[in-house]
Amino acid sequence: MAMQSLMANKMRSFLTMLGVIIGVGAVLVMVALGQGTASGITARISSMGANLLTISAGGGFGPIRGTNTAQLTNADAEAIKTLPLVKNVAAESSTSGTISSGNATWSTTVDGTWPELMSIKEWDTIQGLFFTADDNSSANRVAVLGSTVVENLFPGVASPVGETIKINGISFSVIGVLEDKGSSMGADQDDIIYIPLSTLQQRMTGGETVRSISVQATSSEALTPLKEYLTTLLRQRHRLAETADDDFRIRDTTELLATIEDTTRMLSFLLGGIAAVSLLVGGIGIMNIMLVSVTERTREIGIRMAIGATTGAIRAQFLIESLVLCLFGGIIGVLIGWAGCLIITSLSDLTMQIAPRLIALSLGFATAIGLFFGYYPANKAAHMNPIDALRFE
Amino acid sequence: MTENLIKLREIDKTYYGAATPVHALRSVSLDIDKGEMVAIMGPSGSGKSTLMNMLGCLDKPDSGRYSFAGQDVMVLGRDQLAHMRSIFIGFVFQNFNLIGRVSALENVCLPLIYAGVNSQREREKRGRQMLKLMGLEGREHHMPKQLSGGQQQRVAIARALVNAPGLLLADEPTGALDTKTSEEIMLLLEKLNRERELTVIIVTHESEIGSHCRRVIRLTDGRIASDEPLARIEAGRDVG
C-alpha cells in the first residue's frame, strides 16, 4: 500500500529522497575520508617501528642554543645497548650522494646505520640480504638499495645484487634490495641507499657523530622507565650540570601515534558532523513532504477509516512510507557515496576506508531519520476525525 | 422477540461550530431490525448525515444510548469503533470514494486487510467473488477512472460487502448517477437486501430512491418527523 502511493508520485518521491541520498552519501564519503586518513597515518607511524624511542641531538624546541652543544656519538649508542629493557639499538647518520652505475647516475640519500635497524623497523629485503654487524665493524663497502634507486639505476635489470655502484666516487657492491615502503607525508621512502654506519663515517662524513639513535624497548610498558634510563645515561655521558637542559631529545612513537589518532578522530567527527547536518536537512524535507501528502490524502484517510482502519493501521501506513523513502534514499546514498569514494581514491592519493560498520551506521541513521521525521505526519493522519476526513475536498 | 440490530434511545448530537452550536440531532429514538431496508429522508440540514454517522459508528452521540447488535456503542473507544465498522458495517458514498491509484480489485480487498485477513490469496479470492457478484467480472484490474459511474458504485458496494457485514449504509448512493443507472443500483441493493438478509439503510433526499425501501424515516431539524412502512412498494415488488 505504502509503495503504491510512492510510485504514484515518482518525481516527488525522488526529490524527497534526494535529501537523504545526498546526506547519506556525504556522511559516507566524509567519514570514509576521515577514517582512511586516520588509518593511513597510523599505519605509517607504526611502520616507523613498534615500542620505539628515537633520540636526536639538540635539546628542547627551536634552534640548538650555545656553541658547545654535544652531539650523539657511536659511543653513546654502544652505551645504550647495555641498558636494561632495551631490545634493539640502531644508530643512524646520513649524507646525500651521487650514485652511478655504468652510464646511469642518480642523486639520493645515503643512510649509514646498524643492521639492527631492519628488526626495529620490521623491514625485509626482496632480493639479497641486508648487511651484517661484521660488515659494520669492518666498514665494508656494501650497499642495500631502495626500490626507487633500483628503478633509476638498473632499469630493466632483474636483480642488481652483485653489481658494483659508485657512491660519490667510491665503489660499493650491491648486496640487497629492500621491499617497497611507499611514500610517507610526500617523501618517497624507497629513494634511499643503506650502507654500514662505520663505512659512512670512515669513508664519507668522517667523525664519530650520529644523527639519531633508534631504541626499541622490550615492551610498551618498558617505554616510560626506559626513557628515564636513557635520559640519566645521556646526561651523565654528556656531563650536563644539574640545572642544564637536555642536549638531546627523545621522541616516543606511541605518544606521537596517540596524539595523531586523537587529531584524526576529531577530524572524522567534524566531517561526519557536517555531513550529518545535511542528512538532518534531508529529514526535514521528508517531514515536509509527508505533511503535504497527509493533507492531500485526507479523504483517502477518511475512506480507510470508514472501512475499518484503526489509528495504528493508518499510522503504520504513513510511517512505512517515510521509512521506505529514507531507506531507499539511504541505499542509493550508500551506492553513490561508495562510487564517490572510488572516484576520489582513483583521482588522488587520498586513502578512504569504507567499513561495513560505516555502511550499517549510515543506513541505520537514515532509518532513524525516517522514523523520527515520519512520526509526526503519520500521527497527524492517524488522529484525524473520520467524518471530517471523508468530507474533505 | 429477537434483539434489534440497531437500538437508538434519546440520542443527542450538537456540533460546536464557528458561531452558534448546531443541534444536529435532538432526542432521536429508533429501532431497526435485521433484514430491513430503510430510507432516511429529509431536507439538507435536517440531521440525516449526522444520524448516518452515528449509525455507522463513525462518531458517537453526545448523550443517549446506542446499541448495535447487542453491543453498547457509547462505551467504545476510537479503535473499537474502527473494529465495529470493520466487522459489521459497510459504507457506500455518493461520490463512490474509491482510492484512485489502485485497481478495482485492490479497492475491494482493502477492508480485508484491516479486518486482519493476512493471506493475500484469500483476500483476492474473496474480492474476485464479490466483484463477480456485482457483475464486474473481467474488470478486476481496471482503475476506478477507467470505469463508468455505475460500475464505480458497484465496486464500492463490493468493497462495502466483502467482509460480509450485517449492515450496509449508503449515503446518497445514486446522487452522482443518471436515472437509469440509479435504478440499476437501487435494484441491486434491493436484491442484496432480499437474498442476503442484509440490513440496508439509505440516506437520500430523492423520494424516487426512498420508494425502493419498505420503511421511510423522515427527519426535520434533528427530530424524527415520521417513521412509516411503505406497504405500496411491498405489494408492487411482490408482483415483480
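Student: In which loop of chain A does A139(A) lie?

Tutor: Please keep in mind that this is a predicted model. Phi of A139(A) is positive, near 55°, although the residue is not glycine. Most residues other than glycine have a negative phi. As for its place, A139(A) belongs to the loop between α5 (133–137) and β5 (142–145) of chain A.

Student: Which residues of helix α3 (residues 74–81) of chain A are buried, and why are they on the same side of the helix?

Tutor: The elements that cover the buried residues of α3(A) include β2 (86–101), β11 (212–217) and α8 (223–237) of chain A. On the other side of α3(A), A75(A) and E78(A) are exposed. The buried residues are D76(A), A77(A) and I80(A). They share one side of α3(A) because the arc they cover around the axis is only 95°.

Student: How many of the residues of helix α10 (residues 298–306) of chain A are buried?

Tutor: The cover over the buried residues of α10(A) includes α11 (311–347), α12 (356–382) and α13 (386–391) of chain A, together with α2 and β6 (89–92) of chain B. Among the buried residues are E300(A), I303(A) and R304(A). The helix is largely enclosed by the rest of the structure, because the buried residues number seven of the nine.

Student: Which element gives the largest share of the side of chain B that touches chain A?

Tutor: The contact takes 18 residues from chain B and 15 residues from chain A. On the side of chain B, two or more residues come from each of α2 (78–88) and α3 (104–114). The largest share, five residues, is that of α2(B).

Student: Which are the edge strands of the open sheet in chain B?

Tutor: Six strands form this sheet in the order β6-β7-β8-β3-β9-β10, with mixed pairing. The strands that pair on one side only are the edge strands, namely β6 and β10 (223–229) of chain B.

Student: What is the bridge partner of I217(B) in β10(B)?

Tutor: Strands of a sheet pair through backbone hydrogen bonds, either parallel or antiparallel. Strand β9 (residues 215–220) of chain B pairs with β10(B) in the antiparallel sense, over six bridges. Within β10(B), the partner of I217(B) is D227(B).

Student: Over which residues of chain A does pLDDT stay under 50?

Tutor: Chain A averages a pLDDT of 87, and 95% of the residues score at least 70. Where pLDDT is low, the predicted coordinates should not be read in detail. In chain A, the stretch that stays under 50 has two contacts beyond four places in sequence, and it covers residues 64–68.

Notes: Residues are numbered from 1 along each chain as its sequence is written. Chains are lettered from A and ligands numbered from 1 in the order in which they are written. This is a predicted model: local features need pLDDT of at least 70, side-chain atom pairs count only at pLDDT 80 or more; totals for chains, interfaces and linings use all residues. Two residues are in contact if their C-beta atoms, placed from the backbone, lie within 7 Å. Helices (H or I, at least four residues) and strands (E, at least two) are DSSP runs, numbered from the N terminus. A residue is buried if 20 or more other C-beta atoms lie within 10 Å of its own, exposed if 12 or fewer, and partly exposed in between; C-beta atoms are placed from the backbone. The arc is that of the directions from the helix axis to the C-beta atoms. Two strands pair if DSSP finds at least two bridges between them. pLDDT is the predictor's confidence in each residue, from 0 to 100.
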